[in-house]
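Please load the model in a viewer and follow the selections below in order. Each stop names what to select and then what is found there.

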Amino acid sequence: MLFSPMKIGNVEIKNRVVMAPMLMGFGTFNGNATDQMIDYYEERAKGGTGLIITEITRVNDLTGASSFGQLAASSDRNIPSINKLAQRIHKHGAKLFVELHHPGRQNVNLMINTVPVSVAMDKIMPKNTYSKLLFGKIVPIGKKMVEKDLFFKTVAPSKSERSKFSNSANKALTEKQIKKIISQFGDAALRVKKAGCDGVELHASHGYLIQQFLSPVTNHRTDKYGGSLENRMRFLNEIIDDVRSKCGYDFPLIVRLTVDEMYDRIGQKGKGYGLDEGLKMAEMLDKKGIDAIDVSSGAYDTFNYWLEPTTFECGWRKNLAAEVKKVVNIPVIAANLIRSPEQAEKQLEAGIQDFVSLGRPHIADPHWVQKVQSGKEKEIKRCVCCLYCFESMMEGAYKGTHGNCSVNPFVGREKEKLIHNGNNRKVLIIGAGVAGLSAAELLSRRGFSVTVIEKENCTGGQINLADKPPHKAKLHWCIEDLEANCLANGVEIKYGVTADKNVIDSYSPEYIIFATGANAVHPKTFTGDNVVTVTDVLNGSVKFCGKKLCVIGSGMTGLETSELLIEQGNKISIIEMADKIAPGAWFQQVDDAMPKLIEANTEFYTSTKLVDILPGGISVEDTKSGKKYNIECDAVVLSMGVRPDNTLYKELCDKYKNVYAIGDCNKSGRIFNATQDAYNLAKTL
């Protein structure tokens, strides 16, 4: 069924695979599609996707701009670039729908009324001058003003609690303003139609403005737009009417709908609306005559229940689409955390949904469909749900950069092709972790003769530790996929080989790449029979059961190792020098780990410094008061980061001509840093 055609309205989609909307930040201040954005989408069309739905596309420049780099359909000036995008997508037999969007209260105050000024200034000032000024000086100042509520307020159906994510002060829309935004959605849809696209999707999900009208959490209005479900649906229904009046019924219209806000999942039972009311909304939309429904869940307040971390089980929310399918007579699109063609086919055959929506999988591998069709499923680079795409996009939004992917270094570089000029020259790579295997794959694709030697009896490196905490097994997919691609491209991988000068010389390599990873930091001042590192716990060399343990350091490694120790039956205390737990960690990862730790009665000590190891515990110091005290424990687990394992590299780098160090061996980092290091070296060798 995955490769059978199906219609949405009068538009036939060649297969059942949809690229879900995802903002990556490739646009311009004025909302035009840049060549970089078009290349990004076109690569996914080339890869065989049937329907591409664009990122959130604004309909309003004043209160509705979510990013300096997003697509827009708010002005006629946007039509030519959207047309160019449509033409490039259509070249490959794919269809293009544009997702129309207004963020409402979930916007960041800094963005309110900022875009028109930025567009004007960018025109007046020399090329790139305003960008440097904006991201270098204006944004940092603006952020400080936002923290003190000195910026414009975001808009919402009614004044309501702040969105957890943006924490922005908001104000209620007047009825006149509501009518104007409704008209702006219709005008934007007409521009999309004029640009030659195949349809539009209205974003009534994830807590954005349309869903804010649907939700009792954010809609406290007492007029015709609030109160009963029919009234809360009025805003969306009037947008549909406006789109239909301007574009006609032959222009397909999809609604992306949160059918369950999932507040019960974060311990706030009874807040918002659940599936029962969501199904009523779906029925009402079907009767309204929309052409398809894109089923989703959650809002930014319940972030992890629509954009899942690694720990979530594939297909965990497929029941939502299945229930919607029972009450509507139009095609049902759904994401459902699908990560394999087998899962996709199974859910189609079971009648759970009609279209498989792949969001992050399309970032990770633009050729997902093509690989399945050609029998190369094992070469798919699977999304491991690490969330770096969203994290990097959000961080880049205030720097003028775009989102990235941990497993796909070509994101935003789709035009950059690997030059096939390796001419069978020999490359020896030492270490078969992410960095080593990434370099091996890329160089083999360039025509080099690549051998990887690994001292262990398997590939993986640091991933063989990172995937050991509960429900983290998906992380190992990146190693499996890299290994499959290496072997498919002729890379030779040898296990149980410890590198030294004699071993290296035996391969007569022209290029030597060290990817020997990193080791856990273990200060000499903290030693003893009762002291281990997270590596000792994660690799299984040390096991505790029924013990009281102190974990030193609350980075994500410390938190996740604590989860494993709890699962093994231990009582945990986490010691952190900073003022808060997991400083610097992405909030979704923290939100995922903390409830499990709290449920297990974990004790947290912040602003607390480890001073000494004692026979039956540890001595610590409160960094604010200077007070010292002891905490009892049976053993201490150090989670103090890692240090590059580069001894051999330093010893041999002067003895050969072409010697390089990449990944944690060069500088400790994340999966993304390892693949980027490998890419940067492999494209220039």
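Begin with helix H8, residues 234-247, and select Asn237 within that helix (helices are DSSP runs of H or I with at least four residues, strands are runs of E with at least two, both numbered from the N terminus). The model is predicted: local features need pLDDT of at least 70, side-chain atom pairs count only at pLDDT 80 or more, and totals for chains, interfaces and linings use all residues. Residues are numbered from 1 along each chain as its sequence is written, and side-chain values use heavy atoms, with hydrogens and water left out.

Asn237 counts as buried because its relative accessibility is 15% (buried is under 20% relative accessible area, exposed over 50%, partly exposed in between, with a 1.4 Å probe and protein chains only).

Move to helix H4, residues 129-147, and select Ile141. At 52% relative accessibility, Ile141 counts as exposed.

How many cavities of 30 Å³ or more does the structure hold? There are five (a cavity is a set of points, on a 1 Å grid over the protein atoms alone, where a 1.4 Å probe fits but cannot get out; lining residues have an atom within 4 Å of a point). The largest cavity holds about 670 Å³ of space, the volume being that filled by probe spheres set on the points, which are joined across faces, edges and corners. Select Pro21, Met22, Trp306, Leu307 and Phe390, the closest to its centre of the 46 lining residues. Then colour H14, which gives the largest share of this lining, four residues.

Technical notes
On a 1 Å grid over the protein atoms alone, a cavity is a set of points where a 1.4 Å probe fits but cannot get out, and a pocket is an open set with protein on both sides within 12 Å along at least five of seven lines; lining residues have an atom within 4 Å of a point.
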